[in-house]
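Good morning, and thank you for coming.

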Amino acid sequence: MSAETAHPFSGGSAEALAGPDQMVDDRPSSARPAAVGPVAVIGTTFAGIVTLWSPGAQSMFGWTASEAVGRPVGELADWGLTQNDLAEFIFVGSSGAWIREHEVITRTGVRLMLKTTASLVVGADGNDEVIASLTPMQAGADGSAAVVRDRPFRAIVERGSDLVMICDRNKIISYVGPSLVQMLGHQPREVVGQSVAALLHPDEVADFDRDWQLALSAPGEHRNTELRVRHASGHWRWIELRISNMVADLALTAMVLNLRDVTEYRALADRLAASERLLASITSTAQEGIWQIDTEGRTVLANARMAELLAVDEARLAGGSILEFFDPVAAELLKQRIEHRAAGVREQYEFSFIRLDGQRRWLQVSAVPLYDSSGRYVGSLGMCIDLTVRKLLEHELERRGGSGTPIGRSARGQDGEPDSQVEAMVAEYLRGNRLESPDAARQLDDSVPGLARLSRREFEVVRMLLLGDRVPVIARQLFVSQSTVRNHLSSVFRKLRVRSQQELIVLLRERNLDT
């Protein structure tokens, strides 16, 4: 196939273009109208038969779509292309964009300076189709016509999953790469000649316009962003977009867009973020302390409950070694357990320790080793349960001779009086009505800071709670509502700096049991 017949825009002359009632305008170019009009989009077969004739082409060349479609494109204008131009197009083929600036003589003889961007694509019917975008050239500063520049063609080769688009300064698409159909489902004829903004999600247009203007501000400038682009099926795809200013490149004088579909990556990132939010929710609401450490015993992750169990600040816990928060005996035990984890041992164990605030606590730990994707040991994870209340109750049973007497209202001395020192002290002050005595207050505060601040009724509620009674029983015995009892307990919690009945019981009994 020769270059003369292979190029769709070959052939044609000014005389052949005139219709039966049209005369060739042979006036000098300076006397003819200026080249003004919209972008024209023309589609042809590789043999040059017109398959697409846009409204812009009708306005620019004077032929209606019904007149143009099906005719050889060479009959519709004198395209002013040389044999070298035609040979270059054949060489470029479907590997990139063929770009030329040339003078065209229209049906009425008007001379237009046009920039043509053409490429060979696969049409919707599976056959080869040439899609060309023709843009009027701007006149020079003195009003003269633009000078035709003899420039080489520019091949824009797509690599991998990238899609290349070429646009003018006004965002009008003049070229799209062959991966358009695969990425976005559109045919080239559907987008060439349209504004790239028409493909964007409405929420993305403002940010795109900002990046576009920044890229347009200087030759060689580029901007990277991520935005949503409409697929032909109507759904939205996340696209990683690079806008490059290549206006100074004489082979292009255009803006080049590189698009990469990152929808699956974004979906994976969203799922990962959702998983992280779920993990954060679980760790923040779990009743168990959660503690993850690395191979050196330093904290990787710890929840608020773990910090509460250790009576330390979360920020300090996050940056510290596991051995910093335990007494020497407990620290040595944990060091041995960490060595078990490095050897691949999963285990559950109990141990007691003295917190940094001086209180003794008991923990049950379920610990497992952790590995990365390559199977390398990276640390361990422990789930910690506070056993302190249970251990104190067991200790009190043993102290009473192991008789199995339940802890509650019946768990008192032979005379029915309370058996622990705090219970006895509270009962004594209630009986003696000495709550206002400075010595009494001092003695109470020495025992448990804040205890002297309790009112008489709050003392009564605390005493009954220590004797094993719960809210409904306390309410009946004091002839008040359950909500009133709960209000008293809330006040007690604030004054003694505890958060629950369990913590209150542990605090009061722990300070007075013989350990």
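Five cavities of 30 Å³ or more are counted. A cavity here is a set of points on a 1 Å grid over the protein atoms alone where a 1.4 Å probe fits but cannot get out, and lining residues have an atom within 4 Å of a point. Grid points are joined across faces, edges and corners, and a volume is the space filled by probe spheres set on the points.

Please note that this is a predicted model: local features need pLDDT of at least 70, side-chain atom pairs count only at pLDDT 80 or more, and totals for chains, interfaces and linings use all residues. Residues are numbered from 1 along each chain as its sequence is written, and side-chain values use heavy atoms, leaving out hydrogens and water.

The largest cavity has a volume of about 190 Å³. Its lining comprises 18 residues, with I322, L334, Y349, V365 and G382 nearest the centre.

Now the sheet, which is open and has five strands in the order β7-β6-β10-β9-β8, with antiparallel pairing. Strands are DSSP runs (E, at least two residues), as are helices (H or I, at least four), numbered from the N terminus; two strands pair if DSSP finds at least two bridges between them. β7 (173-176) and β8 (222-230) stand at the edges with a single partner strand each, so one side of each has no neighbour in the sheet.

Within the sheet, β6 (163-167) and β10 (254-261) pair in the antiparallel sense over five bridges. There, V164 stands opposite N258 in β10.

Technical notes: 1 Å grid on protein atoms, 1.4 Å probe; cavity = no way out; pocket = protein on both sides within 12 Å on 5 of 7 lines; lining within 4 Å.
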